[in-house]
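Biologist: Please take one part of this model and go through it closely, giving the cut-offs behind each term as you use it.

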There are 2 protein chains.
Amino acid sequence: MSLIVQKFGGSSVADAESIKRVARRIVEAREAGNDVVVVVSAMGDTTDELVDLANEVSSVPAPREMDMLLTAGERISMALVAMAVRSLGHDARSFTGSQAGMITDDQHGSARIVDVTPGRLKDAVSEGAIVIVAGFQGFNKDTGDITTLGRGGSDTSAVALAAALEADVCEIYTDVDGVFTADPRVVPLASKIHRITSEEMLELAANGAKVLNIRATEYARRHGVTLHVRSSFTHDEGTIVYNPTEGQQVEEPIITGVAGDLSEAKITVVGVPDVPGKAAQIFTIVANADINIDMIVQNVSHKGESKTDISFTLPKSEGERALDALRASAADIGFAELSYDDQIGKLSVVGAGMRTNSGVSAQLFTALFEAGVNIDMISTSEIRISVILRADQLNDAMRRIHSAFGLDSDIEAVVHAGTGR
Amino acid sequence: MSLIVQKFGGSSVADAESIKRVARRIVEAREAGNDVVVVVSAMGDTTDELVDLANEVSSVPAPREMDMLLTAGERISMALVAMAVRSLGHDARSFTGSQAGMITDDQHGSARIVDVTPGRLKDAVSEGAIVIVAGFQGFNKDTGDITTLGRGGSDTSAVALAAALEADVCEIYTDVDGVFTADPRVVPLASKIHRITSEEMLELAANGAKVLNIRATEYARRHGVTLHVRSSFTHDEGTIVYNPTEGQQVEEPIITGVAGDLSEAKITVVGVPDVPGKAAQIFTIVANADINIDMIVQNVSHKGESKTDISFTLPKSEGERALDALRASAADIGFAELSYDDQIGKLSVVGAGMRTNSGVSAQLFTALFEAGVNIDMISTSEIRISVILRADQLNDAMRRIHSAFGLDSDIEAVVHAGTGR
């Protein structure tokens with residue numbers, strides 16, 4: 001008998017009909033002979049509605065109380081799912097994050113899981129019950145306070161439970177058929193990836209692929225959890241995200257997928273004195289403002305010049321704060337000016353096969369050159385190459401690169417709308 | 001410094017505006033120099049909406065899951081109230097029933113409080129915080145499951161917390177100005193009672209007065225909690241429900257109030273063999289069906305007859321079940337027929353002064369006779385006389401009795417609509 005963890009997002013439990021459909025899905029897995037633990041998000045727009053209410057009663061809602069408020073959302077959906085499963089003739093019991101032993105730190109609104117002690121869940125499973133757990137939430141053991149994991153937290157809850165329960169697989173139900181070689185809304189000929197390593201998945205997720213939450217993917221990789229990303233609307237196999245064991249011979253395509261990201265901006269610090277320690281100074285200032293930097297380029301200073309330019313990319317949402325922090329230290333750093341560009345796009349190609357295949361960069365740059373796309377910045381990891389280009393060229397470039405690397409499918413992908421939490 | 005427990009019902013926290021109003025009210029009590037612990041119900045119709053959802057996903061929702069579902073309601077309102085209080089510049093923290101140490105038995109949907117261990121609340125209060133607690137909910141220590149106390153449970157939560165925290169007073173905020181000498185919707189000249197003993201309050205509540213929950217009143221009496229029933233719309237003093245100490249000389253009017261109740265029906269078991277043990281047999285059958293009986297009358301059998309009639313009243317909602325139980329035992333009991341009358345009304349006069357004043361019954365029966373009202377059944381306690389009469393005569397009889405006992409006020413009472421949970 002296998003133990004399966006299933007995670008259903010907000011759009012899968014948006015109303016009574018959807019909840020009944022999810023319940024049938026859960027019961028199918030049970031009747032196929034599995035132990036089943038289910039993680040659910042709040043129904044549809046519940047979280048947004050609760051946030052609106054909070055903003056009506058307080059201009060700056062207290063984070064502790066915000067978490068108390070928002071966790072009501074999963075409480076509702078999990079109880080309804082449990083009822084619906086029971087009405088199909090199976091024992092089902094719902095558990096809050098704290099009842100499920102989801103122990104976190106005390107960062108309200110973006111808590112990190114520090115331990116999972118699912119004793120009550122194990123007892124319920126061993127008594128034959130289907131277990132329904134609230135995603136997105138946990139509690140801090142020191143204060144006894146309820147916490148939430150932040151957006152996408154339900155995926156992380158599911159993976160963390162799968163790890164703690166040593167589940168055979170963690171099924172992430174979504175409104176798309178799996179992970180695609182590119183976003184099908186941008187690249188119509190994108191095809192479903194059947195198997196992908198968690199390392200590749202992490203690179204795709206970190207570089208703009210929305211289908212799986214980054215933290216959840218990271219957690220799955222670190223704890224060796226196998227994910228199955230699949231549609232709650234069909235019974236088709238989705239995408240298996242697996243962790244190759246040490247020394248396992250993996251037959252991998254050179255390029256697994258292409259990701260695009262329009263959420264970043266670029267800051268260039270112009271005319272920085274070309275003396276040792278200046279880059280460190282700049283990035284210390286930015287880091288102290290708690291801003292995450294992605295790519296960095298320092299131009300080689302021309303012969304005889306004593307000034308250089310340093311560029312970096314960061315989330316657009318943090319652009320203003322970074323500029324403010326740098327301006328406040330203008331005299332210290334001694335730069336000439338700051339330029340800000342939020343019309344950039346990032347294109348990434350990801351593939352574990354890159355490790356053993358040279359020439360991927362050359363092939364990428366050639367294809368972009370032929371498409372008339374200028375490359376502004378480049379960064380690479382062992383299994384990824386990313387380039388910064390103009391935002392308005394991103395989608396076209398993605399289609400061309402997807403094609404150039406032989407990823408195009410014969411048929412267009414069907415695109416569904418909406419995503420859950 | 002006093003410790004005040006304040007309870008606000010669902011209509012007092014129905015929307016963002018109401019919640020902000022309640023927050024100001026709480027802060028006033030705090031700024032007057034008191035420690036404040038607040039108990040809130042779910043917002044407005046939340047509970048009904050959640051019940052509807054449950055019925056959509058399951059024809060017979062599991063009680064454990066129903067409690068999990070419904071307790072989301074107070075979680076929302078308490079977090080919002082805490083946020084609203086904080087935005088007025090005071091520390092405020094919300095606690096669920098289980099965080100507040102509200103330990104109950106395992107009767108989901110109508111759990112009884114077995115202990116209250118409010119250690120976390122005491123800590124928060126001693127740290128200067130205003131504490132906001134979810135009413136209506138608790139948890140079972142053996143199973144770790146969440147429970148609810150049933151309708152009116154938030155009043156009971158407030159009283160139980162007031163007892164455990166040794167609060168100076170438990171303020172029950174409602175949409176009326178206090179407890180009246182009669183329901184002002186029926187008796188326009190009813191006047192607000194300034195002080196009433198918990199014993200009298202209990203008799204009024206048990207006999208049709210809706211303003212205070214019976215269980216909460218009983219709890220307050222048993223644990224010596226002083227209640228203050230008052231309006232959340234005005235700052236007027238409401239009604240103090242107090243517990244006279246042993247030997248305390250209480251200056252009481254003979255009659256404190258008049259209550260009417262249209263929720264009962266009467267069953268008459270006709271032609272019961274007039275032999276010892278028959279009444280016991282009948283009421284054992286009814287009790288085994290878990291039905292609460294109110295008044296009982298056994299007619300004196302006429303000379304030479306060997307049959308008698310036994311009548312009793314019970315909640316209309318349990319009428320069918322009682323009839324079924326009796327029919328099933330018809331042969332055993334040996335009665336001739338059952339008659340069912342759901343067009344009865346119960347009028348009660350309550351007053352601690354009855355103990356030391358004779359003639360109240362005579363005065364009541366005379367007034368009813370003069371009003372042309374026939375009395376069907378009579379029952380009395382030390383401080384109450386109740387009579388069963390025709391339902392369509394109840395309201396008029398209440399007005400006449402109210403007047404006959406000198407309770408009429410000079411001005412008509414203002415009537416508000418709606419009640420909270």
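Modeller: Angles under 35 degrees count as roughly parallel, over 145 as roughly antiparallel, 65 to 115 as roughly perpendicular and the rest as oblique. This is a predicted model, in which local features need pLDDT of at least 70 and side-chain atom pairs count only at pLDDT 80 or more, while totals for chains, interfaces and linings use all residues. Residues are numbered from 1 along each chain as its sequence is written, and chains are lettered from A in the order in which they are written.

In chain A, helix α6 (residues 198-206) packs against helix α7 (residues 214-223) at an angle of about 165°, their axes lying 9 Å apart (helices are DSSP runs of H or I, at least four residues, and strands runs of E, at least two, numbered from the N terminus; axes are lines fitted to C-alpha atoms, for helices over the stretch in contact, with angles from 0 to 180 degrees between N-to-C directions). The two helices, α6(A) and α7(A), are therefore roughly antiparallel to each other.

On the side of α6(A), the residues that meet α7(A) are A:Ser198, A:Glu199, A:Met201, A:Leu202, A:Ala205 and A:Ala206, and α7(A) answers with A:Ile214, A:Thr217, A:Glu218, A:Ala220 and A:Arg221, contact being C-beta atoms, placed from the backbone, within 7 Å. By class, this contact of α6(A) with α7(A) has six nonpolar, two polar and three charged residues (nonpolar: Ala, Val, Leu, Ile, Met, Phe, Trp, Tyr, Cys and Pro; charged: Asp, Glu, Lys and Arg; polar: the others, Gly among them).

Elsewhere, 32 residues of chain A are in contact with 31 residues of chain B, and α3(A) gives the most to the side of chain A that touches chain B, with 14 residues. That side has 17 nonpolar, seven polar and eight charged residues.

Technical notes: Two residues are in contact if their C-beta atoms, placed from the backbone, lie within 7 Å.
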